[in-house]
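User: Please take a close look at the cavities in this protein. I would like to know what lines them.

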Amino acid sequence: MELESILYFTESKNILVTGATGFLAKIFVEKILRVQPNVKKLYLLLRAPDTKSATQRLNNEIIGKDLFRVVKEKWGAGMNSIISEKLTVVPGDISREDLGLNDSNLREEMLSQIDVIVNLAATTNFDERYDIALALNTLGAKHVLNFAKQCVKLKVLVHVSTAYVCGEKEGLLLENPYHMGETLNGTTGLDIDNEIRLVHEKLKELRAEEASERAITLALKDFGLKRAIQYGWPNTYVFTKAMGEMLIGDLKENLPVVIIRPTIITSTYKEPFPGWVEGIRTIDSIAVGYAKGKLTFFLCDINAIVDVIPADMVVNAILAAMAAHANQPGEVIYQVGSSRRNPVRYGNLYDYGVHFFTKKPWINKDGTPVKVGKVPIMGSMASFHRYMTVRYLLFLKGLEVVNAAFCQYFKGTYVDVSRKIKFVMRLVELYRPYLFFKGVFDDMNTEKLQMAVRGNTTEADIFYFDPKCINWEDYFLNVHLAGVVNNWEDSSQCVYSRLYAVAPNSIL
């Protein structure tokens, strides 16, 4: 593979970034502004009703973040002119045709000028409503592709998916595409148009029954999970992302397309500074749950590989792939992770967490430190189910009998405990595939791309994404966990924290 200068490629280019307020998108925008101020323009698609609202989101949710302090220091007083000249906010919505663009003049400008599209818009909620997940992860991919086909100067479309479209496959997982209608369990009949029709019918049925919005949300979450499991995927997120890949592969025609499949994305390794993280990261939730003393057990296969990759490495891979595949019709897939070349295991994470939070304990709101130690490890779902049965389900069964004997006197308590148990069991089932994952992601294509970048000695240190350079112990103890603590705003939002808060301590 030959790769010319990435800096030269991005110079004077017009780049459309969808999902611009997302974690990766912010890092992508910051990187471009910092290393290539001669980019012509970054069009940032944000979900907003108008330009004023989109501009407010740009200032508050992107440029206003601490992530941009390095680039602000670099360009000083010239930063404002760079923002005004290089960044164009685009109010829109990838769930709609033509990306929901209402400004016809802006639309025509984009269609005539855009060189590169990077699609980072998605919902990553494992337990999302099926209609929303389909609209964003599946139809959104199609809408971005259709828009790309209309861009007369387009050189490449980069679509960011997830490595976990593989579901629960084991062994070496190749960088292969998913073909239209392909399923993980061999079940036939997967038809994306039919999935859209089914969810519309389900929504229409629920509204005809005058179901509440909460009831509709719960029903559509259950429906999406049911459809995913029917075809072999463990949750709605990876199912709809896989169908998005199918649509791109089927409809791309002669368009140059790159699909990036990152694994579990963690805080920045090096740039713009180590340890920047935002939002809810799954393994971070476990760490905070433990640090706060809420995690009284650790549910996972301690020997299983947890494939993590720092966010800045994913962004560098995106930039390298953009340059490598410009004007080359066809589709190529890059799995960006660490499991094959520099694996880290859940056992390692457990040790790092104990070490870090023993030395640097979490400080409660009242100023007191939380003392932590080693917690029991449940290495199988069977052990978890035994734990839940002994500690909670037997009590719930007894409460049911007592409640019946006392004329529903304890009905409120019974309903509350039952609801919490169901909540825990649902979350555990959703995340089970990743706590006991037995796959390793092949990254042969990604390794070739890394070699091509290393061939340009002047840029190898700028666009690094080789996980072999990471010392995981140093990264987690001195970079990542410190970053998580510094950036954590509300751990109660996180599913893992809610899981560990509810399961061990608060059900009864």
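Analyst: Start with the space itself. In this predicted model, the largest cavity holds about 230 Å³. Its lining is made of 17 residues. Closest to the centre are I286, A287, L349, Y350 and G353. Now sort the lining of the largest cavity by class. It has 14 nonpolar residues, two polar ones and one charged one.

The count comes to two cavities of 30 Å³ or more, so turn to the other under the definition of a cavity as a place where a 1.4 Å probe fits but cannot get out. The second largest cavity has about 50 Å³ of space. Its lining consists of I27, E30, K31, R34, E271, P272, D312, V315, N316 and Y464. Here α2 (23-35) and α12 (311-324) each supply two or more residues. The largest share, four residues, comes from α2. By class, this second lining has five charged, four nonpolar and one polar residues.

Now step back to the whole protein. It has 18 helices and 13 strands. Of its 508 residues, 56% are buried. C151 is buried because its relative accessibility is 6%, under the 20% cut-off. C469 has 42% relative accessibility, so it counts as partly exposed. The structure has zero disulfides.

Terms used: Residues numbered from 1 in each chain as written. Predicted model: local features only at pLDDT ≥ 70, side-chain atom pairs only at ≥ 80, totals over all residues. Heavy atoms only, no water. Disulfide = S-S within 2.5 Å. Buried < 20%, exposed > 50% of the residue type's maximum accessible area, 1.4 Å probe, protein only. 1 Å grid on protein atoms, 1.4 Å probe; cavity = no way out; pocket = protein on both sides within 12 Å on 5 of 7 lines; lining within 4 Å. Points joined across faces, edges and corners; volume = space filled by probe spheres on them. Nonpolar A, V, L, I, M, F, W, Y, C, P; charged D, E, K, R; others polar.
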